Amino acid sequence: MAEGPAATGATGAAGPSGPTGATGPTGATGPTGVTGPTGATGPTGATGPSGSTGSAGNAATVRVGTVTTGEPGTDAAVTNSGTPQDAVLDFTIPKGDTGSSGVPEVLAATDVAPQPSGANQPLVFRDNAVISGTQISHETNSPDIIISGTGIYQILFNSTVGVGPGVDIPAAINITLQQNGNTVDGGVARHIFTSSGQYVTVSFSAPVSVTSVPSTLNVVTDQANFLFSDLSITVFRLGDVASQA
């Protein structure tokens, strides 16, 4: 006999759960996840207690050591030959330049008696009326005034001048101050005579800068046969030559 079609019956009610099986082994660790955002700063904690006071340090001392005189023009210096806590200061103090002795540097030379002039020749000063100091000198009966110290000097010259025999009138004469053979600016006196019996007084005053020594000063006439009498020349030192920057 042939089988008929199978028929599925309705699902029955679920039976009770069976017991839990044993835990399986732990699986491998997965990769680290992305770092999350930083959280807000927490409140400041309470201040901790103060530490104990340290021991007192040693007091520093300062003493003067040596004091040395340096050469003029050098720098002053202070050095510590001790320690930072026990300083010993050594001083070097430059010596100042030598000051003036207080004696004025002055020379006055004269010649009273008439002397005839020479063409482009210096006048002679026969006597010394005043010599003070050591930087200006003159030998009697010499035309040369010698300056042996650098500085600024003032020169004063004065004389009576007349026309000698053989000079044609009108006649002119120039008197110049020369330093080492060179005419000094401002050291010039001149006169034109219009009669043979005429006498005049000539003079000049001029400063001279002396930067190298010795330096020789002369009073020179440009014409001959004029008569010079009561000559006087005074040279005095004003001071040092100013340095140039």
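Trainee: In which strand does N218 lie?

Mentor: This model is predicted: local features need pLDDT of at least 70, side-chain atom pairs count only at pLDDT 80 or more, and totals for chains, interfaces and linings use all residues. Residues are numbered from 1 along each chain as its sequence is written; side-chain values use heavy atoms, without hydrogens and water. Strands (E, at least two residues) and helices (H or I, at least four) are DSSP runs numbered from the N terminus. N218 lies in strand 14.

Trainee: Is N218 buried or exposed?

Mentor: Buried means under 20% relative accessible area, exposed over 50%, and partly exposed in between (1.4 Å probe, protein chains only). N218 has 13% relative accessibility, so N218 counts as buried.

Trainee: With which side chain does the side chain of N218 make a polar contact?

Mentor: A polar contact is a pair of N or O atoms within 3.5 Å; within protein, one must be able to donate a hydrogen and the other to accept it, and residues adjacent in sequence count only if both atoms are side-chain atoms. For plain contact, the rule is heavy atoms within 4.5 Å. Not counting residues up to four places away in sequence, N218 touches P122, P143, D144, T176, L177 and Q178. At 2.7 Å, the polar partner is the side chain of D144.

Trainee: How many aromatic pairs does a search of the whole structure find, and how is the pair of F157 and F204 classed?

Mentor: Rings of Phe, Tyr and Trp (its six-membered ring) pair if their centres lie within 6.5 Å; planes under 30 degrees apart count as stacked, over 60 as edge-to-face and the rest as tilted. The search finds two pairs. For F157 and F204 the centres are 5.1 Å apart and the planes stand at 25°, so the pair is stacked.

Trainee: How far apart in residues are F193 and F226?

Mentor: F193 and F226 form a tilted aromatic pair, 5.5 Å centre to centre with 40° between the planes. F193 is in strand 12 (residues 182–193) and F226 in strand 15 (residues 226–239), and this link between distant parts of the chain spans 33 residues.

Trainee: What radius of gyration does the chain have?

Mentor: The radius is taken over C-alpha atoms; the globule rule is 2.2 Å times the number of residues to the power 0.38. Along its principal axes the C-alpha trace spans about 200 × 65 × 30 Å. A compact globule of 245 residues would have a radius near 18 Å, whereas the chain has 57 Å.
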